[in-house]
Amino acid sequence: MTRVSTATTITGITSRVLDLPLPSEFRPAWGRGSVQTTFFMTLVEVHTEGGIVGVTAAEARSEVAVAIDRFVTPHLLGRDAAAPEQLAPIFNDAEILGPPVYCMEVALWDIAGKAAGMPVAKMWGQNSDRVPVYCATGEVRSAERRVEDCHRILDEGFRAVKLRFHSDDPRDDIDVVEALRKEFGERLAIMVDANQAGLAPGFGGHLQWDFHTALEIALELERLGVTWLEEPLPRSDYGGLRRLRDRLGTLQLAGGENNHGLHEFKVLIDHGCYDVLQPDAVLSEGVYQLRKIAAVAEAAGLLMAPHTWTNGIGLLANLHLVASIPNASWFEFPHDPPGWPASALSQMLVEKPWIDRDGCLVVPDQPGFGFGLDEELIEHYTVERTG
Ligand SMILES: [Mg+2]
(Lines give C-alpha, C1' and ligand atoms only; values in the text may rest on other atoms or scores of the structure.)
Protein backbone atom coordinates (compact mmCIF):
# COMPACT_ATOMS: atom_id res chain seq x y z
CA MET A 1 0.00 0.00 0.00
CA THR A 2 1.41 3.39 -0.97
CA ARG A 3 1.26 5.88 1.83
CA VAL A 4 1.02 9.58 1.11
CA SER A 5 2.68 11.88 3.62
CA THR A 6 0.30 14.33 5.34
CA ALA A 7 0.49 16.86 8.17
CA THR A 8 -0.27 14.10 10.69
CA THR A 9 2.30 11.62 9.38
CA ILE A 10 4.47 10.42 12.27
CA THR A 11 8.10 11.51 12.01
CA GLY A 12 9.49 10.58 15.41
CA ILE A 13 8.72 9.39 18.94
CA THR A 14 10.62 10.57 22.01
CA SER A 15 10.31 9.45 25.63
CA ARG A 16 11.47 11.00 28.87
CA VAL A 17 11.41 9.15 32.18
CA LEU A 18 10.52 11.46 35.07
CA ASP A 19 11.09 10.81 38.75
CA LEU A 20 8.61 13.21 40.34
CA PRO A 21 8.65 14.17 44.03
CA LEU A 22 5.81 13.70 46.50
CA PRO A 23 5.37 16.43 49.14
CA SER A 24 5.86 13.93 51.97
CA GLU A 25 6.09 10.20 52.63
CA PHE A 26 3.26 8.15 51.18
CA ARG A 27 2.46 4.58 52.30
CA PRO A 28 0.39 2.95 49.51
CA ALA A 29 -2.04 0.39 50.91
CA TRP A 30 -1.43 -1.84 47.87
CA GLY A 31 2.35 -1.94 48.44
CA ARG A 32 2.41 -3.28 51.97
CA GLY A 33 5.43 -2.01 53.88
CA SER A 34 6.61 0.35 51.13
CA VAL A 35 7.20 4.06 51.64
CA GLN A 36 7.09 6.25 48.54
CA THR A 37 8.72 9.67 48.29
CA THR A 38 8.65 9.97 44.49
CA PHE A 39 6.85 8.35 41.56
CA PHE A 40 7.97 7.46 38.07
CA MET A 41 6.24 8.18 34.80
CA THR A 42 7.34 7.98 31.18
CA LEU A 43 6.29 11.00 29.16
CA VAL A 44 5.98 10.15 25.46
CA GLU A 45 5.72 12.60 22.56
CA VAL A 46 4.71 11.64 19.03
CA HIS A 47 5.96 14.15 16.46
CA THR A 48 4.33 14.75 13.08
CA GLU A 49 5.17 16.23 9.69
CA GLY A 50 2.97 19.29 10.26
CA GLY A 51 4.41 19.99 13.73
CA ILE A 52 1.52 18.74 15.87
CA VAL A 53 2.83 16.82 18.88
CA GLY A 54 0.70 14.15 20.56
CA VAL A 55 1.45 13.57 24.22
CA THR A 56 0.87 10.59 26.47
CA ALA A 57 2.39 9.09 29.59
CA ALA A 58 2.94 5.60 30.93
CA GLU A 59 2.86 4.53 34.53
CA ALA A 60 6.38 3.15 34.61
CA ARG A 61 10.00 3.90 33.97
CA SER A 62 12.48 2.92 31.28
CA GLU A 63 11.02 -0.52 30.53
CA VAL A 64 8.10 1.14 28.75
CA ALA A 65 10.34 3.63 26.96
CA VAL A 66 12.44 0.71 25.70
CA ALA A 67 9.36 -1.29 24.66
CA ILE A 68 7.99 1.70 22.71
CA ASP A 69 11.34 2.28 21.07
CA ARG A 70 11.74 -1.40 20.06
CA PHE A 71 8.25 -2.70 19.43
CA VAL A 72 6.19 0.38 18.51
CA THR A 73 8.23 3.19 16.96
CA PRO A 74 9.45 1.20 13.91
CA HIS A 75 5.81 0.42 13.03
CA LEU A 76 4.51 3.96 13.53
CA LEU A 77 7.07 5.99 11.61
CA GLY A 78 5.55 7.17 8.33
CA ARG A 79 2.02 6.21 9.38
CA ASP A 80 -0.90 8.61 9.87
CA ALA A 81 -1.30 9.43 13.58
CA ALA A 82 -4.84 10.64 12.95
CA ALA A 83 -5.90 7.09 12.00
CA PRO A 84 -5.66 5.39 15.43
CA GLU A 85 -7.83 2.41 14.48
CA GLN A 86 -5.24 1.36 11.90
CA LEU A 87 -2.50 1.44 14.52
CA ALA A 88 -4.21 0.06 17.64
CA PRO A 89 -3.34 -3.61 16.82
CA ILE A 90 0.35 -2.69 17.08
CA PHE A 91 -0.13 -1.90 20.78
CA ASN A 92 -1.93 -5.18 21.44
CA ASP A 93 0.83 -7.13 19.70
CA ALA A 94 3.57 -5.26 21.59
CA GLU A 95 2.31 -6.75 24.87
CA ILE A 96 3.36 -10.20 23.69
CA LEU A 97 6.95 -9.02 23.86
CA GLY A 98 7.11 -6.43 26.62
CA PRO A 99 5.23 -4.25 29.11
CA PRO A 100 1.86 -2.74 28.06
CA VAL A 101 2.12 0.26 25.74
CA TYR A 102 -1.60 1.00 25.46
CA CYS A 103 -0.88 4.59 26.50
CA MET A 104 0.28 5.19 22.91
CA GLU A 105 -3.30 5.40 21.65
CA VAL A 106 -3.75 8.51 23.82
CA ALA A 107 -0.99 10.31 21.88
CA LEU A 108 -2.64 9.43 18.56
CA TRP A 109 -6.05 10.72 19.63
CA ASP A 110 -4.35 13.81 21.03
CA ILE A 111 -2.98 14.45 17.52
CA ALA A 112 -6.31 13.63 15.84
CA GLY A 113 -8.09 16.10 18.16
CA LYS A 114 -5.51 18.83 17.68
CA ALA A 115 -5.63 18.36 13.89
CA ALA A 116 -9.43 18.59 13.95
CA GLY A 117 -9.40 21.52 16.41
CA MET A 118 -11.69 19.59 18.78
CA PRO A 119 -11.52 18.13 22.27
CA VAL A 120 -11.46 14.32 22.09
CA ALA A 121 -14.65 14.02 24.21
CA LYS A 122 -16.43 16.13 21.61
CA MET A 123 -15.11 14.04 18.72
CA TRP A 124 -16.56 11.00 20.49
CA GLY A 125 -20.04 12.47 20.89
CA GLN A 126 -19.75 14.34 24.22
CA ASN A 127 -22.40 13.16 26.66
CA SER A 128 -21.42 15.54 29.48
CA ASP A 129 -19.01 18.41 30.05
CA ARG A 130 -18.28 17.58 33.68
CA VAL A 131 -18.14 14.39 35.65
CA PRO A 132 -18.81 13.75 39.38
CA VAL A 133 -15.71 12.41 41.10
CA TYR A 134 -14.86 10.49 44.22
CA CYS A 135 -11.86 11.27 46.37
CA ALA A 136 -9.64 8.17 46.09
CA THR A 137 -7.48 7.69 49.15
CA GLY A 138 -4.43 5.45 49.08
CA GLU A 139 -3.33 4.86 52.66
CA VAL A 140 -4.76 2.76 55.46
CA ARG A 141 -5.57 5.14 58.33
CA SER A 142 -7.39 4.95 61.65
CA ALA A 143 -11.11 5.68 61.92
CA GLU A 144 -10.38 8.92 63.84
CA ARG A 145 -7.98 10.14 61.17
CA ARG A 146 -10.35 9.27 58.32
CA VAL A 147 -13.23 11.10 60.01
CA GLU A 148 -10.94 14.13 60.22
CA ASP A 149 -9.89 13.69 56.55
CA CYS A 150 -13.49 13.44 55.42
CA HIS A 151 -14.47 16.69 57.16
CA ARG A 152 -11.73 18.30 55.07
CA ILE A 153 -12.69 16.68 51.78
CA LEU A 154 -16.38 17.55 52.24
CA ASP A 155 -15.26 21.17 52.77
CA GLU A 156 -13.22 20.89 49.58
CA GLY A 157 -16.39 19.92 47.69
CA PHE A 158 -16.17 16.13 47.39
CA ARG A 159 -19.34 14.05 47.79
CA ALA A 160 -17.73 10.62 47.78
CA VAL A 161 -14.64 8.90 49.18
CA LYS A 162 -12.90 5.59 48.49
CA LEU A 163 -11.19 3.71 51.32
CA ARG A 164 -8.56 0.96 51.27
CA PHE A 165 -9.09 -2.36 53.02
CA HIS A 166 -5.68 -3.80 53.85
CA SER A 167 -5.56 -4.28 57.61
CA ASP A 168 -4.56 -7.67 59.05
CA ASP A 169 -8.09 -7.95 60.39
CA PRO A 170 -10.66 -6.61 57.89
CA ARG A 171 -12.89 -5.78 60.90
CA ASP A 172 -10.55 -2.85 61.56
CA ASP A 173 -11.27 -1.52 58.06
CA ILE A 174 -15.01 -2.02 58.51
CA ASP A 175 -14.74 0.05 61.70
CA VAL A 176 -13.54 2.97 59.56
CA VAL A 177 -16.63 2.72 57.32
CA GLU A 178 -18.86 2.52 60.39
CA ALA A 179 -17.23 5.63 61.87
CA LEU A 180 -17.77 7.58 58.63
CA ARG A 181 -21.42 6.54 58.40
CA LYS A 182 -21.98 7.56 62.02
CA GLU A 183 -20.32 10.94 61.50
CA PHE A 184 -21.67 11.88 58.06
CA GLY A 185 -24.80 9.78 57.46
CA GLU A 186 -25.77 9.83 53.78
CA ARG A 187 -23.84 13.05 53.03
CA LEU A 188 -20.88 11.03 51.82
CA ALA A 189 -20.94 8.17 49.34
CA ILE A 190 -18.39 5.52 50.29
CA MET A 191 -16.50 3.10 48.06
CA VAL A 192 -14.10 0.40 49.24
CA ASP A 193 -11.08 -0.95 47.35
CA ALA A 194 -9.68 -4.31 48.47
CA ASN A 195 -6.99 -4.54 45.74
CA GLN A 196 -7.35 -8.33 45.73
CA ALA A 197 -7.20 -8.68 41.94
CA GLY A 198 -3.43 -8.91 41.79
CA LEU A 199 -0.40 -7.26 43.31
CA ALA A 200 2.93 -6.09 41.98
CA PRO A 201 5.47 -8.74 42.97
CA GLY A 202 7.53 -8.36 46.10
CA PHE A 203 5.10 -7.12 48.72
CA GLY A 204 5.14 -9.72 51.48
CA GLY A 205 2.38 -10.21 54.02
CA HIS A 206 -0.51 -9.43 51.67
CA LEU A 207 -3.67 -11.04 53.01
CA GLN A 208 -5.41 -12.80 50.12
CA TRP A 209 -9.15 -13.04 50.73
CA ASP A 210 -10.91 -16.30 50.02
CA PHE A 211 -14.49 -16.36 48.73
CA HIS A 212 -16.03 -16.57 52.20
CA THR A 213 -14.00 -13.64 53.53
CA ALA A 214 -14.99 -11.58 50.48
CA LEU A 215 -18.67 -12.50 50.97
CA GLU A 216 -18.65 -11.73 54.69
CA ILE A 217 -17.07 -8.31 54.11
CA ALA A 218 -19.33 -7.54 51.13
CA LEU A 219 -22.47 -8.22 53.19
CA GLU A 220 -21.19 -5.96 55.97
CA LEU A 221 -20.49 -3.19 53.44
CA GLU A 222 -23.94 -3.62 51.93
CA ARG A 223 -25.45 -3.21 55.41
CA LEU A 224 -23.46 0.04 55.74
CA GLY A 225 -24.78 1.41 52.42
CA VAL A 226 -21.42 1.34 50.64
CA THR A 227 -21.65 2.13 46.90
CA TRP A 228 -19.17 -0.44 45.60
CA LEU A 229 -16.62 -3.01 46.64
CA GLU A 230 -13.64 -3.03 44.29
CA GLU A 231 -11.47 -6.05 43.44
CA PRO A 232 -12.63 -8.46 46.15
CA LEU A 233 -11.13 -11.53 44.38
CA PRO A 234 -8.33 -12.37 41.90
CA ARG A 235 -8.73 -10.76 38.47
CA SER A 236 -9.33 -14.05 36.66
CA ASP A 237 -11.66 -15.65 39.23
CA TYR A 238 -14.62 -15.11 36.92
CA GLY A 239 -16.78 -17.75 38.60
CA GLY A 240 -16.04 -16.48 42.11
CA LEU A 241 -16.83 -12.90 41.18
CA ARG A 242 -20.11 -13.95 39.59
CA ARG A 243 -21.11 -16.07 42.62
CA LEU A 244 -20.29 -13.16 44.92
CA ARG A 245 -22.27 -10.70 42.81
CA ASP A 246 -25.26 -13.06 42.82
CA ARG A 247 -25.33 -12.89 46.63
CA LEU A 248 -25.51 -9.08 46.74
CA GLY A 249 -28.32 -6.57 46.42
CA THR A 250 -27.45 -2.87 46.52
CA LEU A 251 -23.67 -3.22 46.84
CA GLN A 252 -22.01 -3.03 43.42
CA LEU A 253 -18.89 -4.99 42.55
CA ALA A 254 -16.24 -3.03 40.67
CA GLY A 255 -12.99 -4.04 39.02
CA GLY A 256 -10.91 -4.43 35.88
CA GLU A 257 -7.91 -2.14 36.37
CA ASN A 258 -5.66 -5.22 36.24
CA ASN A 259 -7.38 -6.89 33.31
CA HIS A 260 -6.06 -6.29 29.80
CA GLY A 261 -7.47 -6.12 26.31
CA LEU A 262 -10.87 -5.65 24.73
CA HIS A 263 -11.52 -9.41 24.71
CA GLU A 264 -10.79 -9.96 28.39
CA PHE A 265 -13.34 -7.28 29.26
CA LYS A 266 -15.84 -9.07 27.05
CA VAL A 267 -15.20 -12.19 29.18
CA LEU A 268 -15.75 -10.19 32.40
CA ILE A 269 -19.01 -8.82 31.00
CA ASP A 270 -20.23 -12.20 29.69
CA HIS A 271 -19.51 -13.87 33.03
CA GLY A 272 -21.36 -11.12 34.93
CA CYS A 273 -18.36 -10.45 37.21
CA TYR A 274 -18.87 -6.76 37.88
CA ASP A 275 -21.47 -3.99 38.01
CA VAL A 276 -18.81 -1.33 37.37
CA LEU A 277 -15.88 -1.83 34.97
CA GLN A 278 -12.63 -0.02 35.68
CA PRO A 279 -10.22 -0.31 32.76
CA ASP A 280 -7.57 2.40 32.48
CA ALA A 281 -6.53 4.08 29.22
CA VAL A 282 -2.84 3.79 30.08
CA LEU A 283 -2.86 0.35 31.71
CA SER A 284 -5.58 -1.89 30.30
CA GLU A 285 -6.34 -1.04 26.68
CA GLY A 286 -6.16 1.82 24.20
CA VAL A 287 -8.39 4.74 25.12
CA TYR A 288 -10.73 4.35 22.14
CA GLN A 289 -10.79 0.58 22.63
CA LEU A 290 -12.11 1.35 26.13
CA ARG A 291 -14.94 3.21 24.47
CA LYS A 292 -15.89 -0.01 22.70
CA ILE A 293 -15.81 -1.81 26.06
CA ALA A 294 -18.09 0.95 27.37
CA ALA A 295 -20.58 0.23 24.58
CA VAL A 296 -20.66 -3.50 25.37
CA ALA A 297 -21.02 -2.60 29.07
CA GLU A 298 -23.89 -0.22 28.23
CA ALA A 299 -25.72 -2.98 26.39
CA ALA A 300 -25.26 -5.25 29.42
CA GLY A 301 -26.55 -2.56 31.82
CA LEU A 302 -23.13 -1.97 33.42
CA LEU A 303 -21.27 1.19 34.38
CA MET A 304 -17.77 2.46 33.61
CA ALA A 305 -15.47 4.08 36.18
CA PRO A 306 -11.90 3.95 34.84
CA HIS A 307 -8.95 3.48 37.15
CA THR A 308 -6.94 6.73 36.99
CA TRP A 309 -4.17 6.42 39.59
CA THR A 310 -1.30 6.64 37.12
CA ASN A 311 -0.55 10.27 36.23
CA GLY A 312 -2.44 13.43 35.31
CA ILE A 313 -2.29 12.75 31.58
CA GLY A 314 -3.83 9.31 32.02
CA LEU A 315 -6.46 10.84 34.27
CA LEU A 316 -7.46 13.39 31.60
CA ALA A 317 -7.57 10.73 28.86
CA ASN A 318 -9.95 8.67 31.00
CA LEU A 319 -11.97 11.81 31.75
CA HIS A 320 -12.57 12.51 28.04
CA LEU A 321 -13.64 8.90 27.62
CA VAL A 322 -16.27 8.95 30.39
CA ALA A 323 -17.53 12.37 29.26
CA SER A 324 -18.37 10.79 25.90
CA ILE A 325 -20.46 7.85 27.20
CA PRO A 326 -23.90 7.60 28.84
CA ASN A 327 -23.00 4.86 31.36
CA ALA A 328 -20.29 6.54 33.45
CA SER A 329 -20.23 6.07 37.21
CA TRP A 330 -18.24 8.08 39.76
CA PHE A 331 -14.82 9.11 38.37
CA GLU A 332 -11.64 8.31 40.33
CA PHE A 333 -9.75 11.37 41.56
CA PRO A 334 -6.65 10.42 43.60
CA HIS A 335 -6.25 12.76 46.55
CA ASP A 336 -4.79 11.70 49.90
CA PRO A 337 -2.78 14.52 51.48
CA PRO A 338 -0.23 15.06 52.82
CA GLY A 339 1.70 12.36 50.91
CA TRP A 340 -0.38 12.29 47.74
CA PRO A 341 -2.49 15.41 47.13
CA ALA A 342 -4.25 15.66 43.75
CA SER A 343 -1.60 18.11 42.54
CA ALA A 344 1.12 15.41 42.82
CA LEU A 345 -0.34 13.39 39.98
CA SER A 346 -0.52 16.40 37.66
CA GLN A 347 2.58 18.36 38.60
CA MET A 348 3.95 18.06 35.04
CA LEU A 349 0.87 19.86 33.68
CA VAL A 350 0.44 23.64 33.43
CA GLU A 351 -3.13 23.37 34.73
CA LYS A 352 -3.73 20.84 37.49
CA PRO A 353 -7.21 19.28 37.34
CA TRP A 354 -9.31 20.16 40.40
CA ILE A 355 -12.99 19.82 41.27
CA ASP A 356 -15.65 22.52 40.96
CA ARG A 357 -18.00 23.42 43.81
CA ASP A 358 -20.28 20.48 43.02
CA GLY A 359 -17.46 17.98 43.30
CA CYS A 360 -17.16 17.54 39.52
CA LEU A 361 -14.23 17.64 37.12
CA VAL A 362 -14.79 19.84 34.10
CA VAL A 363 -13.64 18.30 30.82
CA PRO A 364 -10.99 20.50 29.15
CA ASP A 365 -12.39 22.20 26.02
CA GLN A 366 -9.06 22.62 24.23
CA PRO A 367 -8.24 20.49 21.15
CA GLY A 368 -6.96 16.98 21.84
CA PHE A 369 -6.99 16.04 25.52
CA GLY A 370 -6.52 19.70 26.38
CA PHE A 371 -3.47 19.95 28.62
CA GLY A 372 -0.17 21.82 28.44
CA LEU A 373 3.21 20.64 29.77
CA ASP A 374 5.32 22.45 32.36
CA GLU A 375 8.56 22.05 30.41
CA GLU A 376 10.77 23.59 33.09
CA LEU A 377 9.58 21.16 35.76
CA ILE A 378 9.76 18.24 33.34
CA GLU A 379 13.36 19.01 32.41
CA HIS A 380 14.27 19.30 36.09
CA TYR A 381 12.95 15.83 36.94
CA THR A 382 13.96 13.97 33.76
CA VAL A 383 16.22 11.04 34.59
CA GLU A 384 16.37 9.25 31.22
CA ARG A 385 15.71 9.93 27.54
CA THR A 386 14.90 7.66 24.59
CA GLY A 387 14.39 8.34 20.87
MG1 LIG B 1 -8.42 0.04 42.49
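A salt bridge here is a side-chain nitrogen of Lys or Arg within 4 Å of a carboxyl oxygen of Asp or Glu. Keep that in mind for the first pair.

A word on the source. This is a predicted model, where local features need pLDDT of at least 70, side-chain atom pairs count only at pLDDT 80 or more, and totals for chains, interfaces and linings use all residues. Residues are numbered from 1 along each chain as its sequence is written, and side-chain values use heavy atoms, with hydrogens and water left out.

Now the pairs. The whole structure holds 28 salt bridges. One of them joins Arg164 and Asp193, at 2.8 Å from N to O. Arg164 sits in strand E5 and Asp193 in strand E6 (residues 189-193), so this pair ties together parts 29 residues apart in sequence. Strands are DSSP runs of E, at least two residues; helices are runs of H or I, at least four; both are numbered from the N terminus.

Buried or exposed, Arg164 and Asp193? Both are buried. That means under 20% relative accessible area; exposed is over 50%, and partly exposed is in between, with a 1.4 Å probe and protein chains only.

Next, Asp270 and Lys266. Their closest N and O atoms are 2.7 Å apart. Both lie in helix H9 (residues 262-270), four residues apart, about one turn of the helix. Asp270 is exposed at 52%. Lys266 is partly exposed at 41%.

On to the cavities. A cavity is a set of points on a 1 Å grid over the protein atoms alone, where a 1.4 Å probe fits but cannot get out; lining residues have an atom within 4 Å of a point. Points are joined across faces, edges and corners, and volume is the space filled by probe spheres set on them.

How many cavities are there of 30 Å³ or more? Three.

Arg164 returns here, as one of the lining residues. Phe165 is among them too. Strand E5 (160-164) and helix H6 (170-184) each supply at least two lining residues. By type, the lining has four nonpolar, one polar and five charged residues. Nonpolar covers Ala, Val, Leu, Ile, Met, Phe, Trp, Tyr, Cys and Pro; charged covers Asp, Glu, Lys and Arg; the others, Gly among them, are polar.

Key:
1 Å grid on protein atoms, 1.4 Å probe; cavity = no way out; pocket = protein on both sides within 12 Å on 5 of 7 lines; lining within 4 Å.
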